[in-house]
Amino acid sequence: MKTLLLCQVSDIPEDEAFQAVLPGYDAFAVYKVGDDIFVIQDACTHAGASLSLEGQQDGHKVVCGWHEATFDLRTGQALSGPCQTPVRTYTAHVANGSISIEV
C-alpha cells in the first residue's frame, strides 16, 4: 500500500467538494460533513462526470450533475439511478490538518 497526501482539511468547504488531483492517479473527491472527512473516486460510475466539480453534496450524499445518480459518501453505494455500480471509497486519515489515504 502507498500513502497519498491529498490536501489540507482547511481546503474543504463545508457541504462542498474538493477535487484532489495527483500525478499518476485518477482524481479524488474529498468531502467534509461536520468533523468527518470522506474520500471517493471523482468519476460517476454511470457516465464519468466529475462528482466534485459537477455534483451537488447533500449531507452524506452526492448527486451527479449529469444524470442525477446519487451516491452515499460513507459507503460509495449507488442510491438512485441511472447507475447501480458504487463509487470507490477510501478511508481518510487526518493528522496535523492533512488528509491522506492509502491506495
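Let me begin with the hairpin. In this predicted model, strands β10 and β11 form a hairpin with 2 residues between them. Asn96, in the turn, has a positive phi of about 55 degrees. The two strands pair in the antiparallel sense over 3 bridges, with β10 covering residues 93–95. Ala95 stands opposite Ser98 of β11.

Strand β11 has a further partner in β1, residues 3–8; this pairing is antiparallel and comprises 5 bridges. Within it, Ile99 of β11 is the bridge partner of Cys7. As for burial, 4 of the 5 residues of β11, which spans residues 98–102, are buried.

I turn now to the aromatic rings. How many aromatic pairs does the structure hold? There are 2. In one, the ring centres of Tyr25 and Phe28 are 6.4 Å apart and the planes meet at 40 degrees, so this pair is classed as tilted. In the other, Phe28 and Tyr90 have ring centres 5.2 Å apart and planes at 80 degrees, so the pair is edge-to-face. Because Phe28 lies in strand β3 and Tyr90 in strand β9, this second contact ties together parts that are 62 residues apart in sequence.

Which of its members are buried, and which partly exposed? Phe28 is buried, with a relative accessible area of 3%, and Tyr90 is buried at 14%. Tyr25 is partly exposed, at 30%.

Note on methods: Residues numbered from 1 in each chain as written. Predicted model: local features only at pLDDT ≥ 70, side-chain atom pairs only at ≥ 80, totals over all residues. Heavy atoms only, no water. Buried < 20%, exposed > 50% of the residue type's maximum accessible area, 1.4 Å probe, protein only. Pairing = 2+ DSSP bridges. Phe/Tyr/Trp six-rings, centres within 6.5 Å; stacked < 30°, edge-to-face > 60°.
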